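Student: Please take a close look at the pairing of charged side chains, and then place it in its wider setting. I would like the cut-offs stated as the terms come up.

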Amino acid sequence: MGLNRNWWKYFLGLWMLLIILGAFLYAPPAKGLGETARILFFHVPVAWLATLAFLISALASMQYLRRPEKKYDIWASSSAQIGLIFALLATVTGSIWAKKIWQSYWNWDPRETSIFILLLIYAAYFALRSAVDIDEQKAKLAAVYSIIAFITVPFLVIIIPRVYESLHPDPLINPEGKIKMDGRMLQIFLGSLFGFTLLFYWMLRLKIDTARTKLVVDNLDK
Amino acid sequence: MLLVRNAYIIFLKDFHLEFRSRYALNAIFLFAITTLTAISFSIGPLRLKSEILSPLLWIILFFSAMSGLSHIFVREEEQQTADTLRLVTSANAVFLGKWIFNMVLLFSLELFILPIYLAMLGVSVGNFRVFLFIILLGSFGLASVATLIAAIISQASAKGALFAVLSFPISLPLLISGIHGTRLALDGGTLAECLPDLQILFSFSIVIITLSLLLFEFIWRK
């Protein structure tokens, strides 16, 4: 019975294993970037999920301001917590790749700046949450901040890297709007994107369930 | 226009209060002077390039703003006058009044600190009109961000530390394009060359003000 409800978790384990094998054995090295480009199968999905988590958090925050119900706040903060993990992973993988290809772990390329700011925003969000004592007020102020921060992100992620020069390759969202990927690379990339998104969904559900249970237990005490 | 009239009254109230205590005024002016002196003292007779001069100016401006611009809302909470203000007038009138006050405060700081900065560090400005234009638009945005974040942190504990932490990621698009534009202007860049920076500064400021007018109600009402 447990297997029936959780079949997708086993499936995900197998899927990710295949993706890892495929990323190293099946996909060809990218033109110009060589073997190091294989990191894109992990780096890009992780960065994309950091942004998605942030989007979910901002949407839940907007919903909270419209209808102040506890569940929306739980959604917003849970998604932000998982987003923080993914943003950290994106920063670390990106930094390792930068060392290999640009000879330095960190050189404030506009892309590096934007992911760093995403990290700062997440950190500020949690700093704000920990500095407010009353629950309703905490949820309300955090929601407002999350929305402000979310409006800032397009400036940092989309506008600034295009106005000032960046060395970062962006094969998917480039100015010409063309996908410059080999067919086999694209298969693995999309598969990895799917796998990571499912993983994110799983983590988010776990986080939300824990927060809900905690809420129930706290109410029992009173 | 009741809103504008009320906002003006709020502004006058804060203006009179400020001149009675001069708290924010002292904080922000002395902070700017101290920082500028520390910089000037440590570099001695060296002539700095515009790549360094421009960020130094924005660091001074940003942290001076952070030292005083939160006072406008923090004072209302500390002296427990916020509730009366909530009863007397609409949220947006309060925001606009305080936003104008912060802008006046920041502009008067610049009127005072810019000549000293130019003289102490021996800066020669290539294109003075564009330079002023960038500073003006940049501080317009900075005052807007600071006022909005000040409203948030006035309801949290550990206000001082939180203000800079929350404001920094949000004002980064301003700082990046402000620093870039100032550097160009110091080197004698024309208006056309600095246009992308001015566009980012302007559009970002407008976005923040619009967002403030939409969100301030939620921060302000209890």
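**Salt bridges and their setting**

Tutor: Both Arg129(A) and Asp73(A) are buried, where buried means under 20% relative accessible area, exposed means over 50%, and partly exposed is in between (1.4 Å probe, protein chains only). The model is a predicted one: local features need pLDDT of at least 70, side-chain atom pairs count only at pLDDT 80 or more, and totals for chains, interfaces and linings use all residues, while side-chain values use heavy atoms, with hydrogens and water left out. Residues are numbered from 1 along each chain as its sequence is written, and chains are lettered from A and ligands numbered from 1 in the order in which they are written.

The side chains of Arg129(A) and Asp73(A) form a salt bridge, at 3.0 Å from N to O; the term covers a side-chain nitrogen of Lys or Arg within 4 Å of a carboxyl oxygen of Asp or Glu. Helices are DSSP runs of H or I with at least four residues, strands are runs of E with at least two, and both are numbered from the N terminus.

In chain B, Arg75(B) pairs with Asp14(B) in a salt bridge whose closest N and O atoms are 2.6 Å apart. Asp14(B) sits in helix 1 (residues 2-21) of chain B and Arg75(B) in helix 4 (residues 71-78) of chain B, so this pair ties together parts that are 61 residues apart in sequence. Asp14(B) is buried at 0% relative accessible area, and Arg75(B) is buried at 5%.

Another salt bridge of chain B joins Glu217(B) and Arg221(B), with 3.2 Å between the closest N and O atoms. Glu217(B) is partly exposed at 36% relative accessibility, and Arg221(B) is partly exposed at 31%. Through shared partners, salt bridges also link Lys13(B), Asp14(B), Glu18(B), Arg75(B), Glu76(B) and Lys98(B) into one network. Over all chains the structure holds 16 salt bridges.

Between chain A and chain B the count of salt bridges is zero. Five residue pairs, both members at pLDDT 80 or more, are in polar contact across the two chains. A polar contact is a pair of N or O atoms within 3.5 Å; within protein, one must be able to donate a hydrogen and the other to accept it, and residues adjacent in sequence count only if both atoms are side-chain atoms. Helix 5 (110-131) and helix 6 (135-163) of chain A are the elements that give two or more residues to the side of chain A touching chain B. Of these, helix 6 gives the most, with 15 residues. By class, this side has 22 nonpolar, three polar and one charged residues; Ala, Val, Leu, Ile, Met, Phe, Trp, Tyr, Cys and Pro count as nonpolar, Asp, Glu, Lys and Arg as charged, and the others, Gly among them, as polar.

Contact, defined as heavy atoms within 4.5 Å, involves 26 residues from chain A and 30 residues from chain B. The area buried between the two chains is about 2,500 Å², and carbon and sulfur atoms give 82% of that area. Buried area is the accessible area (1.4 Å probe) that two parts lose on being put together, summed over both. On the chain A side, Ile148(A), Phe155(A) and Tyr164(A) lose the most area to chain B, together 23% of what that side buries.

Chain A as a whole has seven helices and zero strands. Of its 222 residues, 45% count as buried. Among contacts in chain A with a separation of 6 or more, 72% are between residues 24 or more positions apart.

The loop between helix 4 and helix 5 of chain A contains Gln103(A). This residue, which is not a glycine, has a positive phi near 65 degrees, and Gln103(A) is exposed at 58% relative accessible area.
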